[in-house]
Amino acid sequence: MCVDELIIKLAELYERHGLRRYKPGCFEDYSLYLDNIDFLISKNVIAFGGAEGRLLALRPDVTLSVVSHLPDDKNTRKLYYAEKVYRRSEGGEFKELDQTGVEFVGDIDRVCESEIVWLICDTLSLIGGRYILDVSHMGYIEGYMRALGADNAQSRVVYELLREKNAHDFVGFSRTNGLDCGAAEIFDSIINIGGNMADAVAEAKRYALNDDMERAADELECLARSLAGWEFCDNVRLNFSIANSADYYNGIIFNGYVDGVPKRVLSGGRYDKLLKKYSKSGGAIGFALYLGELERYFKTAAGVADSLILYGVNTQREALLRAREIIAGGGTVRLASEVPEDIKFKSVTDLRKFK
Amino acid sequence: MINIALPKGRLGERAYALLSSAGYACGEYFPDSRKLVFCDTDSGVSYFWVKPADVAVYVERGAADVGVAGKDILLEYSPDVYELSNLETGKCSMCVAAPADWQDDMSRPLRVATKFVNVAKKYFDGLGRDIEIIKLNGSIELAPILGMADVIVDIVETGKTLKENNLKVFENIFEISARLIANKASYNFKKDQITELVKRLNGEVNA
């Protein structure tokens with residue numbers, strides 16, 4: 001499998017769920033990204049001057065285009081996209097990356113949330129190999145910040161410590177900043193909640209310190225119940241060390257990992273707050289798969305064909321016919337007059353010497 | 001098998017001693033060897049020795065599942081990793097130091113010599129102080145002595161070098177010690193092994 005094959009298979013999967021393909025433009029007003037910089041996973045947007053002094057940007061993300069361009073009506077839209085996105089790397093170079101994703105916008109109910117998790121697991125499963133989907137809930141984390149009595153500046157530090165699973169530095173920080181002792185005591189327990197989703201949710205409920213945390217734990221319980229017994233259930237884990245921007249995300253959030261890839265390959269969540277920012281009603285939930293992270297993962301499988309058929313001047317038709325047979329039988333074949341160096345083969349048929 | 005990145009030098013040796021006492025000894029390891037990779041199938045570990053500043057890179061990019069890095073490196077490079085334990089070794093401080101008679105002249109930008117560009121920028125941003133960074137790779141103390149910088153931002157362990165060069169600590173920015181970090185994907189796929197390692201290591205630290 002390669003990235004291109006995966007994109008085709010994912011499009012088939014999403015269309016089986018009745019999702020419509022969304023095709024955004026390549027350029028957007030730079031202000032769309034500047035105003036929502038914390039929503040972007042990469043803050044390095046490529047901007048340039050357009051006609052009449054407009055400052056434009058090559059899109060670094062698709063979700064913001066979906067939210068800003070979809071009409072605000074009563075329809076619930078279920079969309080997918082497979083697009084290129086453009087970013088600057090940390091070293092400053094321009095990068096073009098493949099990204100595919102799904103967005104549900106409108107009346108988002110429990111079925112939508114469960115279907116998104118189902119789609120994520122099928123997406124990660126199509127990549128092949130082991131995968132894990134970490135699930136968290138912004139309501140639970142924000143509720144915990146309130147229980148700690150943390151102001152905005154303190155919350156930013158606590159979010160960072162949560163993301164790092166850093167209990168040792170939290171102890172000192174909570175003491176010097178006078179955070180609520182009772183709430184601070186359970187930090188270590190919260191960052192270590194994990195494993196089986198049903199057990200982990202029960203644990204999260206036990207540690208809930210206020211209505212916000214309880215409500216979030218109830219929502220996670222609903223999700224765990226609706227997915228109980230499904231074949232991918234063991235791959236879904238609760239992990240409160242995922243914390244997206246509280247300015248945009250409000251419900252369940254997730255990160256996906258594939259064994260053999262060192263960084264997350266997928267992320268997303270419920271982002272009603274982004275919709276509200278654009279004065280749009282309803283809710284939204286979605287995810288993006290970062291195909292750029294997967295390029296090296298697929299590399300080992302690339303560059304191999306079942307057969308090589310080498311042809312001479314008098315055996316061109318013979319070679320074509322044999323290749324047709326192999327392809328009709330489901331195999332892969334390369335036709336060449338010389339042995340190519342860029343690809344390996346399981347078998348070689350040399351027709352160059354035959355008349 | 002857990003792949004562990006250790007920093008070359010004293011800190012790495014201390015970290016290895018802790019890991020070894022926690023049951024992760026490596027039969028192949030000899031301190032004077034020039035080998036960079038040591039494996040021990042019985043302990044289920046493989047050690048890499050890398051430059052201290054590179055440990056976080058090896059871990060973030062998944063070449064190592066876990067590693068030992070100083071808090072100074074973690075705050076300078078902000079790698080996207082889990083920080084699972086404070087090993088309470090390699091203790092020192094990140095400080096602002098200057099000649100003993102130095103007085104800040106607020107009418108012009110402060111010239112700051114440092115290896116830790118991001119740490120220095122963040123610290124002086126927080127104070128609202130305009131600075132000019134002079135990035136150096138070593139012998140930072142020389143910069144104010146020769147008049148190239150007003151102050152330095154650097155690690156201070158005993159303060160002996162500063163004293164011998166008539167420099168003085170004016171501000172302690174943060175305390176530093178060695179931390180055990182883990183790649184986020186590895187943590188998911190090797191959770192039991194990594195959790196066990198953290199537990200045993202914490203047992204040694206607190207012993």
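1. Gln154(A) is buried, at a relative accessible area of 14%. That figure puts Gln154(A) in the buried class because the class takes anything under 20%. This is a predicted model, so the values here are computed from predicted coordinates. Gln154(A) belongs to helix α6 of chain A, residues 152-164.

2. What surrounds Gln154(A)? Beyond its neighbours within four places in sequence, Gln154(A) is in contact with Gly149(A), Phe173(A), Asn177(A) and Leu179(A). With one of these, Asn177(A), there is a polar contact between side chains, at 3.4 Å. Glu15(A) lies elsewhere: its C-alpha atom is separated from that of Gln154(A) by 44 Å, and the two are 139 residues apart along the chain.

3. Next, helix α4 of chain B, residues 117-127. Its buried residues include Val117(B), Val119(B), Ala120(B), Tyr123(B) and Phe124(B). Viewed down the helix axis, the buried residues of α4(B) fall within an arc of 165°, so they line one face. The face turned away from that buried side carries Lys122(B), Asp125(B) and Gly126(B), which are exposed.

4. Which elements cover the buried residues of α4(B)? The cover includes helix α3 (71-77) and the strands β6 (92-99), β7 (110-114), β8 (131-135), β9 (151-156) and β10 (167-176), each from chain B. Just after the helix, Gly128(B) takes a positive phi of about 70°.

5. Now the contact between the chains. Chain B and chain A bury about 1,600 Å² between them, and 48% of that is on carbon and sulfur atoms. Tyr82(B), Asn188(B) and Phe189(B) supply 41% of the area that chain B buries against chain A, more than any other three residues. The contact takes 18 residues from chain B and 22 residues from chain A.

6. The rule finds 2 salt bridges between chain B and chain A. In a salt bridge between Asp169(A) and Arg179(B), the N to O distance is 2.8 Å. On the side of chain B that touches chain A, β5 (82-86) and α7 (184-189) each supply at least two residues. By class, that side of chain B has 6 nonpolar, 5 polar and 7 charged residues.

7. Over all chains, the whole structure holds 37 salt bridges. One pair is Asp98(A) and Lys84(A), at 3.0 Å from N to O. Asp98(A) sits in strand β6 (residues 94-106) and Lys84(A) in strand β5 (residues 77-88) of chain A, so the pair ties together parts 14 residues apart in sequence. Lys84(A) counts as partly exposed, at 32%.

8. Asp212(A) is partly exposed at 21% relative accessibility. Arg215(A) is partly exposed too, with a relative accessible area of 49%.

9. In chain B, the side chains of Lys91(B) and Glu88(B) meet in a salt bridge of 3.0 Å, N to O. Glu88(B) is partly exposed, with a relative accessible area of 42%. In chain A, salt bridges that share partners join Arg110(A), Glu113(A), Glu219(A), Arg270(A) and Asp272(A) into one network.

How values were computed: Residues numbered from 1 in each chain as written. Chains lettered and ligands numbered in written order. Predicted model: local features only at pLDDT ≥ 70, side-chain atom pairs only at ≥ 80, totals over all residues. Heavy atoms only, no water. Helix = DSSP H or I, 4+ residues; strand = E, 2+ residues; numbered from the N terminus. Buried < 20%, exposed > 50% of the residue type's maximum accessible area, 1.4 Å probe, protein only. Contact = heavy atoms within 4.5 Å. Polar contact = N/O pair within 3.5 Å; in protein donor to acceptor, adjacent residues only side chain to side chain. Arc of directions from axis to C-beta. Buried area = accessible area lost by both parts, 1.4 Å probe. Salt bridge = Lys/Arg side-chain N within 4 Å of Asp/Glu carboxyl O. Nonpolar A, V, L, I, M, F, W, Y, C, P; charged D, E, K, R; others polar.
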